[in-house]
Protein chains: 2
Amino acid sequence: MGPIQINQILKSAEVGQPVEIKAWVRTKRESKNAIFISLNDGSTLHNIQAVAEPGQFPESTLRLITTGACLKVTGTLVESLGSGQAVEVKMQDVLIYGTADPEDYPLQPKKHSLEFLREIAHLRPRTNTFSAILRIRHALAFAVHKYYNDNGFFYLHTPIITASDAEGAGEMFRVTTLDAGEPPRDETGKVDYKEDFFGREANLTVSGQLEGELGALALSKIYTFGPTFRAENSNTTRHLAEFWMIEPEMAFFDLNDNMDLAEDFVKYVIRYALDNCVDDLEFLEKRQAEEEKSKPQAERSMPLTEKLRFVVDNPFERLTYTEAIKILENSKPHKQKKFQYHVEWGVDLQSEHERYLVEKHFKKPVILTNYPRSIKSFYMKVDEASDAAPAPTVRAMDVLFPGIGEIIGGSQREENYDVLLERVHEVGIDPDIIWWYLETRKFGTAPHSGFGLGFERLVQFVTGMGNIRDVIPFPRYPKSAEF
Amino acid sequence: MGPIQINQILKSAEVGQPVEIKAWVRTKRESKNAIFISLNDGSTLHNIQAVAEPGQFPESTLRLITTGACLKVTGTLVESLGSGQAVEVKMQDVLIYGTADPEDYPLQPKKHSLEFLREIAHLRPRTNTFSAILRIRHALAFAVHKYYNDNGFFYLHTPIITASDAEGAGEMFRVTTLDAGEPPRDETGKVDYKEDFFGREANLTVSGQLEGELGALALSKIYTFGPTFRAENSNTTRHLAEFWMIEPEMAFFDLNDNMDLAEDFVKYVIRYALDNCVDDLEFLEKRQAEEEKSKPQAERSMPLTEKLRFVVDNPFERLTYTEAIKILENSKPHKQKKFQYHVEWGVDLQSEHERYLVEKHFKKPVILTNYPRSIKSFYMKVDEASDAAPAPTVRAMDVLFPGIGEIIGGSQREENYDVLLERVHEVGIDPDIIWWYLETRKFGTAPHSGFGLGFERLVQFVTGMGNIRDVIPFPRYPKSAEF
């Protein structure tokens with residue numbers, strides 16, 4: 001059903017056959033001997049060229065065939081005489097579905113800035129850059145589902161609206177149906193959330209992990225892939241208010257199994273993109289080279305596909321936080337006081353430290369483990385005391401990638417009820433809010449692990465795009481919920 | 001990585017081999033000659049039986065092996081002498097990861113009501129019924145992605161937080177970071193949403209369709225699969241405040257292509273479940289028969305897998321709303337005044353009418369088309385005037401299924417700018433709110449179509465579960481956002 005698409009025609013249609021193409025005009029060019037119309041339907045980066053003879057169509061029709069117009073072209077597939085394509089369409093007929101007045105249509109065939117394109121996010125998927133990004137995003141998402149399905153995981157839809165901010169992962173959005181101007185109030189004058197839709201204060205989730213663990217402690221291996229939210233007022237190239245996360249949780253996995261899975265998984269999805277998005281990656285690679293050509297050689301990125309192949313082909317370096325601190329303390333930038341932030345055991349690593357480890361010291365992705373307990377979440381399994389570290393550590397792991405830093409954060413989870421409850425009290429969470437989470441440690445508790453991958457960070461890494469707002473169709477950030 | 005799972009052992013492990021199983025105790029039974037422990041790890045409906053000799057383990061250990069406890073069992077895979085399983089594990093060693101005190105653990109081996117299980121949604125995936133439902137839910141979700149990927153669609157993540165209630169599909173949840181008790185106010189005393197996170201009032205999406213159309217008018221074929229929300233105070237077995245929708249949108253598809261796709265798609269995913277969830281469907285079929293055995297024969301449902309095969313094997317009946325009204329007006333229940341709601345051209349069909357058409361008249365799934373314009377959404381393509389219908393109609397389609405009624409709703413979309421704008425004004429939407437949607441009809445507009453499938457309705461249909469709260473892991477409904 002539906003028309004044959006350009007990617008199919010370019011792949012398999014035979015010269016001499018009749019074709020009917022429904023697509024948008026990218027460019028039109030008229031020469032003395034022919035009129036060339038480049039058509040694209042979004043199924044592929046490549047256009048197909050339709051060729052008409054001068055005088056074949058009335059001027060009143062040709063005038064409407066401008067960049068952005070939508071056409072049905074019927075004709076015959078013929079060998080192309082021009083360079084750059086094997087086949088083209090000899091036009092017999094054309095129907096104009098929709099015009100695009102060149103005076104108004106903002107996507108003319110010239111370079112547009114990414115900032116400008118963000119303002120017309122409803123149209124930017126019609127550009128080469130954004131259609132390539134969206135096709136790659138699709139391929140990565142499909143690879144995620146395929147990987148987990150093939151490996152015996154069950155996709156679990158954890159709730160989006162939640163009444164527990166157990167993770168303390170950040171500022172949350174409130175979800176409400178109360179009258180904003182005149183909310184009901186209790187006898188003390190406070191807003192009475194008992195009257196709200198859910199009978200209590202509710203928020204948008206910051207993570208599906210806690211509910212994911214409930215699934216893993218019944219089905220053994222689950223994963224989530226859904227939207228998560230942060231109401232943080234950060235206008236950076238790395239943060240969105242609404243983004244998609246992938247969170248696998250596995251019963252009976254210890255920290256080593258967790259690292260093995262994270263590495264295998266992220267390599268699989270990147271390899272899937274390398275195998276299935278050849279043209280789009282090549283296009284983005286050229287785009288990046290073009291963007292960076294004014295930079296000095298030393299500051300340019302590794303070519304995109306080379307960078308991806310490098311990640312896929314090399315084992316990630318694994319070391320403890322404590323070992324990493326030693327390396328950083330002995331590093332040149334530390335000794336020469338080039339790091340902006342101080343490094344010593346106990347501090348949270350900054351981007352500059354992570355990048356030093358990944359890009360300068362090891363020159364490959366790094367997994368750091370066994371972080372100080374004091375800087376990590378309450379649900380991470382506390383390590384047994386060891387002489388190696390000066391203070392208690394937890395079985396956390398962060399996967400660090402070149403260019404973007406932390407792409408995966410995870411841990412073995414604390415499965416001991418008493419230890420977990422102590423940590424809950426320590427960090428000031430009300431145990432009554434997460435009674436159901438605590439109960440899983442009372443009833444058939446099991447060692448288990450999991451991690452979270454920010455999907456947009458992954459898409460950024462694979463596409464090489466610098467701004468996270470450019471790898472999601474309709475980005476949400478402070479003061480912006482357009483489209 | 002991770003342990004071998006019970007479904008793999010039952011499928012392929014060879015008798016005589018050593019095995020290590022990590023799983024939860026379903027039941028323990030002691031006889032004179034042996035101790036039998038049924039273990040389940042959620043990978044399959046089936047348990048594996050571990051067998052120990054009396055006296056092999058100390059009483060203090062055996063006492064802790066109760067329903068719900070989590071164990072690591074090592075032993076040898078041997079042929080089973082008992083009935084009901086081909087193999088079992090001769091135990092050599094056991095490690096207890098977690099106990100489950102029978103005094104406290106609510107999931108004892110007896111029948112629990114679905115209502116009770118909803119109160120312990122954190123534990124119910126450990127039951128046969130809910131693990132079967134969640135495995136089927138996973139299989140259906142994977143089939144959705146596989147179908148669209150295989151057919152050249154791109155998965156588009158449409159926004160969850162939106163500033164446009166263009167669809168008018170229902171009550172919305174407000175998303176805010178304003179102080180609930182003391183919101184900022186403008187000079188007129190109204191809540192000043194300019195101060196809110198997004199600089200305007202924002203809500204949770206009721207549908208990704210409008211943004212989906214933006215994708216289709218660039219990439220040709222896209223689909224969404226994400227959460228959607230309704231803040232309706234309905235406590236029914238068919239409604240959730242948070243549910244997942246699948247919404248494909250296709251450029252160049254007319255209503256017939258749309259129907260072809262809907263039928264092919266829904267048959268594909270049901271067939272996928274039939275092929276990949278044999279044991280779980282069989283279990284739920286027996287469960288349903290058990291539930292209904294007190295009902296008179298005539299009121300019992302068709303056996304579950306028979307019902308599914310019936311849908312997969314037969315072409316759906318397609319007719320217009322106008323034709324359906326005639327059938328209903330000539331029907332026995334209408335003439336005998338048995339319908340609760342009045343039927344005449346122009347009314348919205350009620351569940352009783354839909355069920356009559358599907359279950360009594362055609363005895364198969366039905367697609368109704370060309371509904372009165374007055375009862376359908378503004379974005380549906382207006383039909384050309386025809387003598388068949390007494391008033392204007394639109395190219396809508398509803399797919400009706402036995403038992404659950406409407407499972408898919410869709411339409412060809414209005415691609416004509418002027419007609420669409422008129423409809424927008426007619427229904428009272430502010431065109432400035434959806435300027436981006438309207439612009440796609442100004443720039444390269446194209447005939448296009450799409451539909452929406454409520455994922456939980458599909459899971460209900462395939463699992464035969466009566467209450468929609470039982471087919472999503474953690475249901476959200478009025479006064480309930482637990483877990």
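This is a short tour of a predicted model with chains A and B, stop by stop.

**Stop 1: where the chains meet**

Together the two chains bury about 9500 Å². Carbon and sulfur atoms account for 65% of that area. The size of an interface is often given as the accessible area lost when the parts come together.

How many salt bridges are there between chain B and chain A? The count is two. To see a salt bridge, select B:Glu482 and A:Arg200. Their closest N and O atoms are 3.3 Å apart.

**Stop 2: the segment after H14 in chain A**

Select A:Ser480. This residue sits in the segment after helix H14 (455-463) of chain A. Is A:Ser480 buried or exposed? Its relative accessible area is 15%. Buried means under 20%, so A:Ser480 is buried. Now show what touches A:Ser480. Leaving out residues up to four places away in sequence, the contacts are A:Pro475 and B:Phe198. A:Ala241 and A:Ser480 are 239 residues apart along the chain, yet their C-alpha atoms are separated by 9.6 Å.

**Stop 3: the largest nonpolar core**

The largest nonpolar core holds 163 residues. Which of them touch the most other members? They are A:Ile270 and B:Ile270. In soluble globular proteins, nonpolar side chains tend to be buried together.

Zoom in on B:Ile270. Set aside its neighbours within four places in sequence, and its contacts are B:Leu308, B:Val311, B:Val312, B:Phe401, B:Leu458, B:Phe461 and B:Val462.

**Stop 4: two crossing helices in chain B**

Keep B:Leu308 in view; it is one of the residues of H8(B) that meet H7(B). Select helix H7 (residues 278-292) and helix H8 (residues 304-313) of chain B. Their axes come within 8 Å and cross at roughly 115 degrees. On the H7(B) side, pick B:Leu281, B:Leu284, B:Glu285 and B:Gln288. They meet B:Leu304, B:Thr305, B:Glu306 and B:Leu308 in H8(B). By type, the residues of this contact are four nonpolar, two polar and two charged.

**Stop 5: a strand residue in chain B**

Go to strand E10 (residues 221-229) of chain B and select B:Thr224. B:Thr224 is buried, at 4% relative accessibility. What surrounds this residue? Beyond neighbours within four places in sequence, B:Thr224 contacts B:Tyr155, B:Leu156, B:Thr158, B:Gly208, B:Met245, B:Ile246 and B:Glu247.

**Stop 6: helix H9 in chain A**

Select helix H9 (residues 321-329) of chain A. Its buried residues are A:Tyr321, A:Thr322, A:Ala324, A:Ile325, A:Ile327 and A:Leu328. What covers them? The cover includes strand E12 (317-320), H10, H11 and strand E13 (366-372) of chain A.

**Stop 7: two lysines with positive phi**

Most residues other than glycine have a negative phi, and most peptide bonds are trans. Look at two exceptions in phi. A:Lys337 has a positive phi of about 55 degrees. A:Lys337 lies in the loop between helix H10 (332-335) and helix H11 (351-362) of chain A. Its relative accessible area is 75%, so A:Lys337 counts as exposed.

Finish in chain B with B:Lys363. Its phi is also positive, at about 55 degrees. Find B:Lys363 in the loop between helix H11 (351-362) and strand E13 (366-372) of chain B. At 52% relative accessibility, B:Lys363 is exposed.

Conventions:
Residues are numbered from 1 along each chain as its sequence is written. Chains are lettered from A and ligands numbered from 1 in the order in which they are written. This is a predicted model: local features need pLDDT of at least 70, side-chain atom pairs count only at pLDDT 80 or more; totals for chains, interfaces and linings use all residues. Side-chain values use heavy atoms; hydrogens and water are left out. A nonpolar core is a set of buried Ala, Val, Leu, Ile, Met, Phe, Trp, Tyr and Cys residues joined through side-chain atoms within 4.5 Å. Buried means under 20% relative accessible area, exposed over 50%, partly exposed in between (1.4 Å probe, protein chains only). Contact means heavy atoms within 4.5 Å. Axes are lines fitted to C-alpha atoms, for helices over the stretch in contact, and angles run from 0 to 180 degrees between N-to-C directions. Helices (H or I, at least four residues) and strands (E, at least two) are DSSP runs, numbered from the N terminus. Ala, Val, Leu, Ile, Met, Phe, Trp, Tyr, Cys and Pro count as nonpolar, Asp, Glu, Lys and Arg as charged, and the others, Gly among them, as polar. Buried area is the accessible area (1.4 Å probe) that two parts lose on being put together, summed over both. A salt bridge is a side-chain nitrogen of Lys or Arg within 4 Å of a carboxyl oxygen of Asp or Glu.
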